[in-house]
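The following paragraphs lead through the salt bridges of the structure and then through a sheet. Please keep the sequence and the coordinates at hand.

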Amino acid sequence: MQLVVARIGRAHGIKGEVTVEVRTDEPELRLAPGAVLATEPASTGPLTIATGHVHSGRLLLRFEGVSDRTGAEALRNTLLIAEIDPEELPEEEDEYYDHQLMDLDVVTKDGEEVGRITEISHLPSQDLFIVERPDGSEVMIPFVESIVVEIDLEEQRAVIDPPPGLIDDQAEIVSSKEDPSEEDASGDDSSKDADA
């Protein structure tokens with residue numbers, strides 16, 4: 001099974017080094033010197049990592065056969081792909097590979113069906129599940145512990161405890177001062193909140 005582990009950024013310096021956008025929780029394992037990685041586009045690779053180090057908070061890699069800035073620039077935007085055993089699990093207990101989470105059924109703690117995970121988006125601040133609803137629409141669910149309360153790989157489901165408005169079409173907002181049924185009865189609730 002193939003796993004995207006990084007995307008090559010711009011060239012760094014004149015000796016063939018490149019910056020990389022890391023897309024794995026295990027860069028020390030997947031992006032170590034000597035690692036041979038497939039690429040997308042395939043015509044660019046395979047690439048063998050010659051050296052790697054962190055500079056100003058960014059990982060810099062140099063590949064065998066790439067010794068100047070021109071060669072490094074030619075690799076820009078290439079995806080680096082590692083071959084992994086489908087049975088392999090991440091080292092940390094609460095970590096998952098994307099392929100383990102794809103197609104999981106998403107349900108609320110109350111058992112309400114939300115949909116199916118069709119994509120995982122890795123943002124700088126957090127990861128998002130892109131979930132396809134039964135009606136074909138999509139909802140984005142932050143993959144954070146307070147919302148995704150359980151991942152059950154045996155049952156092939158993710159259990160969520162969504163805050164109001166996350167999966168509903170609209171959040172329900174009720175004033176604590178007034179009973180909403182009284183507002184409906186009076187027929188004139190629009191002016192009450194105008195100054196709020």
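A salt bridge is counted where a side-chain nitrogen of Lys or Arg lies within 4 Å of a carboxyl oxygen of Asp or Glu. The model is a predicted one, in which local features need pLDDT of at least 70 and side-chain atom pairs count only at pLDDT 80 or more, while totals for chains, interfaces and linings use all residues. Residues are numbered from 1 along each chain as its sequence is written, and side-chain values use heavy atoms, with hydrogens and water left out.

Another salt bridge connects Arg116 with Asp103, whose closest N and O atoms are 2.5 Å apart. Because Arg116 belongs to strand β8 (residues 113-122) and Asp103 to the loop between α3 (98-101) and β7 (105-108), the pair ties together parts 13 residues apart in sequence. Through shared partners, salt bridges join Asp103, Arg116 and Glu132 into one network.

Strand β8 also belongs to an open sheet of six strands with mixed pairing, in the order β10-β9-β8-β7-β12-β11; two strands pair if DSSP finds at least two bridges between them. β10 (138-142) and β11 (148-152) each have a single partner strand, so one side of each lacks a neighbour in the sheet. Strand β9 (residues 127-132) runs antiparallel to β10 and is joined to it by five bridges.

Definitions and conventions
Helices (H or I, at least four residues) and strands (E, at least two) are DSSP runs, numbered from the N terminus.
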